[in-house]
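I set out to record what I looked up in this structure, entry by entry. The entries follow the order of my searches.

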Amino acid sequence: MPFRTRSAYAFLAPYLLVFATFWVWPIINSFLISFQNTRINPWKYSLQSNWGRLFYDPAFYNALYNTLIILVIQVPVMIALATVMAVLLNSPLLKARPLFRFAFFAPVVVGEVAYAAVFRLMFSLDFGVINKMISAIGFSPISWFDNANAAMAVIILAVTWRWAGYNAIIILAGLQAIPDDVYEAATLDRVNKVQQFFHITLPLLKPIILFCVVLSVIGTMQLFTEPFLITNRGGPGGGTETLGLFLYRQGFTALNFGYASAIAYTMAALAVVISLLNLWLGREPK
């Protein structure tokens with residue numbers, strides 16, 4: 001091996017050692033743990049106690065259902081909203097565009113605990129600003145956290161508020177990469193702005209939008225903070241419990257590490273499958 005190659009590996013060795021110790025080995029070890037019954041001492045191999053349990057555990061299917069509901073409703077709404085926001089932020093008619101771009105990106109910077117506490121206060125039955133507004137227009141206040149559908153709506157609103165601006169900035173970068181000549185030629189051909197958006201902007205933005213969709217799918221499959229803090233650990237009655245929260249409950253409340261590892265790998269597999277499905281649906285025709 002040449003000296004320069006050995007020197008390069010010598011400089012990389014500390015990072016590779018840390019990477020293998022704190023990333024590669026935990027992934028491998030957690031996969032091995034998923035095949036063991038960790039409720040007994042010593043742990044023993046048992047395929048049925050973890051992977052077999054997934055097929056008949058109603059709590060797992062409840063968490064999976066809630067996660068998919070958020071995925072199906074929240075992700076398309078957020079991506080559509082982010083696309084509209086990006087188009088508006090890219091408009092030359094908008095004044096103080098850097099200020100608005102920062103304002104839309106700012107929710108990502110806000111701490112998760114802080115923003116979750118604010119949303120819980122906003123939707124409080126007794127003194128929340130949302131119920132005050134509902135009462136002001138003549139309707140009865142809604143007990144947001146005592147009804148599963150209402151609590152799910154709060155989770156979807158919170159996640160959309162936090163991540164729509166982040167995705168809008170990514171889509172904005174894609175918009176700014178589209179040459180102005182394309183729009184000038186379309187204008188000369190008397191193509192109006194709406195037609196330009198649907199027939200020029202969206203097709204050229206497809207790779208960027210797919211990237212945002214894949215990121216959003218991965219994030220939704222891991223959703224934990226919002227149901228844990230806003231709806232008090234997935235309440236009411238597990239109505240907003242997600243796979244991430246279910247994993248936490250099995251691993252750190254029930255101390256069933258084997259089952260928690262099986263859930264984690266199921267989440268990862270679902271995220272990969274759904275992401276690949278989105279990439280396949282959005283592929284360019286040959």
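**Annotated spans**

I began with residues 63–90, where the chain is 96% helix and 0% strand and the end C-alpha atoms are 39 Å apart. Helices here are DSSP runs of H or I with at least four residues, strands are runs of E with at least two, and both are numbered from the N terminus. The model is predicted, so I note that local features need pLDDT of at least 70, that side-chain atom pairs count only at pLDDT 80 or more, and that totals for chains, interfaces and linings use all residues. Residues are numbered from 1 along each chain as its sequence is written, and side-chain values use heavy atoms, with hydrogens and water left out.

I then checked the record: an unreviewed UniProt entry gives "transmembrane region" for residues 12–35, 63–90, 102–123, 150–175, 196–218 and 257–281. UniProt positions are in the numbering used here, feature names are shortened, and annotations may be inferred rather than shown by experiment. For residues 102–123 I noted 86% helix, 0% strand and end C-alpha atoms 26 Å apart. The unreviewed entry also lists "domain: ABC transmembrane type-1" for residues 64–278. That span is 76% helix and 0% strand, with its end C-alpha atoms 19 Å apart.

**Nonpolar cores**

I searched for nonpolar cores, meaning sets of buried Ala, Val, Leu, Ile, Met, Phe, Trp, Tyr and Cys residues joined through side-chain atoms within 4.5 Å. Buried means under 20% relative accessible area, exposed over 50%, and partly exposed in between (1.4 Å probe, protein chains only). The largest core has 39 residues, of which L54, F60, I79, I171, L243 and I263 touch the most other members. Helices that each supply at least two residues of this core include α3 (58–89), α7 (148–176) and α9 (193–221). The largest share, 11 residues, comes from α3.

I listed the contacts of I79 (heavy atoms within 4.5 Å). Leaving aside neighbours within four places in sequence, I79 is in contact with N167, I171, I209, C212, V213 and S216.

**Aromatic rings**

I searched the whole structure for aromatic pairs and found 20. Rings of Phe, Tyr and Trp (its six-membered ring) pair if their centres lie within 6.5 Å; planes under 30 degrees apart count as stacked, over 60 as edge-to-face and the rest as tilted. F31 and F35 form an edge-to-face pair, 5.1 Å centre to centre with 80 degrees between the planes. F60 and Y61 also pair edge-to-face, at 5.6 Å and 70 degrees. F60 is buried at 6% relative accessibility, whereas Y61 is partly exposed at 38%.

I recorded one aromatic cluster formed by Y115, F119, F123, W144 and W161. The charged end of R120 sits over the ring of F145, 4.8 Å from its centre. For this, NZ of Lys or CZ of Arg must be within 6 Å of the ring centre and within 35 degrees of the ring normal.

**Salt bridges**

How many salt bridges does the structure hold? I found two, taking a side-chain nitrogen of Lys or Arg within 4 Å of a carboxyl oxygen of Asp or Glu. R53 and D57 meet in a salt bridge at 3.5 Å, N to O. R53 is partly exposed at 23%, and D57 is buried at 9%. E241 and R249 meet in a salt bridge at 2.8 Å, N to O. E241 is buried at 7%, and R249 is partly exposed at 34%.
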